[in-house]
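I open my notebook to look up side-chain contacts. I go entry by entry.

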Amino acid sequence: MRKRQVVIRRSTADNNSSSVSSYTVRSVRYGECQKNHAASVGGYAVDGCREFMASNGEEGTTAALTCAACGCHRNFHRREVDTEVVCDCSSPTS
């Protein structure tokens, strides 16, 4: 399972002699399956799938959104997001 990285936002603030540019990078990973397979009978049972593994399919297709291990959609897997803010801070030179 590889992580997806997405650049969320890029902002620039200009002052008279300095500029600050920063952006946020989010790495998204999908963990264990949380689908309740016994909801129709009023119970609670999960299948034990520990990590989302994309089925054979290219990114952006419906096949890539199905887990190869349990057959569930990716939305049933716990989403883990790692956020990192990268700042290009330049100090003014006098």
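**Entry 1**

I start with R29, which is partly exposed, with a relative accessible area of 24%. My cut-offs are these: buried is under 20% relative accessible area, exposed is over 50%, and partly exposed lies in between (1.4 Å probe, protein chains only).

I note that this is a predicted model, where local features need pLDDT of at least 70, side-chain atom pairs count only at pLDDT 80 or more, and totals for chains, interfaces and linings use all residues. Residues are numbered from 1 along each chain as its sequence is written, and side-chain values use heavy atoms, with hydrogens and water left out.

Which residue forms a salt bridge with R29? I find E51, with the closest N and O atoms 3.5 Å apart. A salt bridge here is a side-chain nitrogen of Lys or Arg within 4 Å of a carboxyl oxygen of Asp or Glu. E51 is partly exposed too, at 29%.

I check where the two sit. R29 is in strand β2 and E51 is in the loop between β2 and β3, so the pair links distant parts of the chain, 22 residues apart. Strands (E, at least two residues) are DSSP runs, numbered from the N terminus.

I look up E32 next. E32 forms a salt bridge with R78, and their closest N and O atoms are 2.8 Å apart. This pair also links distant parts of the chain: E32 is in strand β2, R78 is in strand β3, and 46 residues separate them.

R78 has a salt bridge with E80 as well, at 2.9 Å from N to O. I list the accessibilities. E32 has 22% and is partly exposed. R78, at 32%, is partly exposed. E80, at 25%, is partly exposed. Shared partners join R29, E32, E51, R78 and E80 into one network of salt bridges.

How many salt bridges are there by this rule? I count 4.

**Entry 1: rings**

I search the whole structure for aromatic pairs and get 1. The rings of Y30 and F52 have centres 6.1 Å apart and planes at 65°, so I call the pair edge-to-face. The rule: rings of Phe, Tyr and Trp (its six-membered ring) pair if their centres lie within 6.5 Å; planes under 30 degrees apart are stacked, over 60 edge-to-face, the rest tilted.

Buried or exposed? Y30 is buried, at 8%. F52 is buried, at 3%.

**Entry 2: a charge over a ring**

I finish with K35. Its charged end sits over the ring of F76, 5.1 Å from the centre. That requires NZ of Lys or CZ of Arg within 6 Å of the ring centre and within 35 degrees of the ring normal.

Technical notes: Helices (H or I, at least four residues) and strands (E, at least two) are DSSP runs, numbered from the N terminus.
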